[in-house]
Amino acid sequence: MTADKDWRALNRANWNERVGIHLKAPGYDLAPLRAGCGRLNAIEEAELGDVSGLRVLHLQCHFGADTLCLAQRGATVVGLDFSPAAIDAANALAAELGLTGRARFVCADLYDAPSAIPEAASFDLVYVTWGATCWLPDIRRWAEIVAGFLKPGGRFYYADGHPAALVLDDLVPQPDGMPGFFAPYLDRRALTFDDPSDYADPEARLQNSRNVSWLHPLSDIVTGLIDAGLSLDWLHEHAQVPWRMFRILVQRDDGDWHWPDRPWLPLAMSLQASRRC
Ligand SMILES: C[S@@+](CC[C@H](N)C(=O)[O-])C[C@H]1O[C@@H](n2cnc3c(N)ncnc32)[C@H](O)[C@@H]1O
């Protein structure tokens with residue numbers, strides 16, 4: 001079996017291992033959440049708005065830190081992730097924070113979400129952020145699943161690395177330290193890696209280092225959502241991103257990583273889209 005066909009098993013093992021690392025990692029500071037006032041990253045803090053009273057579905061919720069932050073703000077939340085270790089940690093964190101009454105976590109693959117959460121057209125907000133769609137081979141089916149969970153008029157919030165920046169990486173940098181080309185933007189084929197490093201803990205070395213990902217062009221994401229029954233409310237491009245996407249980026253007071261000089265390319269994108277009635 002090629003890595004391509006093995007993508008789900010490889011990625012699940014990779015993400016299971018990352019959970020234990022992330023629960024202790026400097027990149028995931030759980031102190032504000034434990035103090036009752038969890039924080040999102042700068043971009044979604046500025047864009048998301050009030051979630052109090054909303055029924056929220058958080059897809060690819062990892063170990064639930066953002067899900068529980070939304071619950072602390074008065075939302076009733078369901079988080080879904082395919083990593084059993086992530087869902088166990090999310091349930092433990094919900095219990096620790098006294099949020100089990102308004103937070104539920106489901107262990108399932110994204111593509112099995114409609115049967116794992118048989119609650120079609122019942123959410124006010126579907127929430128997906130940071131490092132999510134790159135793990136999914138079929139972006140059109142993803143968009144249909146997102147749309148299927150939204151009430152008519154419900155909204156979808158999405159923030160992730162900008163596909164234009166994802167063509168670059170630090171493997172073969174340019175002479176001035178800028179990232180070099182790494183993946184063709186419109187290629188769409190699976191990208192297989194053997195990479196033991198972790199974005200949240202520079203010291204960590206993963207045993208389950210093989211993984212498979214996809215670079216989805218911006219037009220595939222937006223058109224997929226429109227074809228699935230959503231209307232685009234807005235689309236933003238940002239010259240900052242919440243993790244150190246490239247070594248040359250510098251961290252500013254907002255906690256995000258920015259280009260050191262000029263905003264060469266967007267590093268992140270975000271959008272809001274609403275379910276057509
Ligand atoms: C980078 S993390 C998302 C981070 C999250 N936004 C946060 O705030 O911590 C990506 C998540 O996607 C999950 N994932 C990857 N492929 C998946 C799939 N096919 N189905 C469901 N979850 C998946 C991983 O287990 C992981 O928790």
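By class, the shell around the ligand splits into nine nonpolar, six polar and three charged residues (Ala, Val, Leu, Ile, Met, Phe, Trp, Tyr, Cys and Pro count as nonpolar, Asp, Glu, Lys and Arg as charged, and the others, Gly among them, as polar). Keep in mind that this is a predicted model: local features need pLDDT of at least 70, side-chain atom pairs count only at pLDDT 80 or more, and totals for chains, interfaces and linings use all residues. Numbering runs from 1 along each chain as its sequence is written.

**Exercise 1.** Find which residues of the shell are closest to the ligand.

*Solution.* Start with the cut-off: a residue is near a molecule if its C-beta atom, placed from the backbone, lies within 6 Å of it. That gives 18 residues around the ligand, and the closest are Trp15, Gln60, His62, Phe82 and Gly131. Next, look at the helices (DSSP runs of H or I, at least four residues, numbered from the N terminus; strands are E, at least two). Helix 1 (7-22) and helix 4 (65-72) each supply at least two shell residues.

**Exercise 2.** Work out which residues of helix 8 (residues 218-227) are buried.

*Solution.* Count other C-beta atoms, placed from the backbone, within 10 Å of a residue's own: 20 or more is buried, 12 or fewer exposed, in between partly exposed. Ile221, Gly224 and Leu225 come out buried. They sit on the same side of helix 8 because they cover an arc of only 95 degrees around the axis, using directions from the helix axis to the C-beta atoms. On the other side, Ser219 and Asp227 are exposed.
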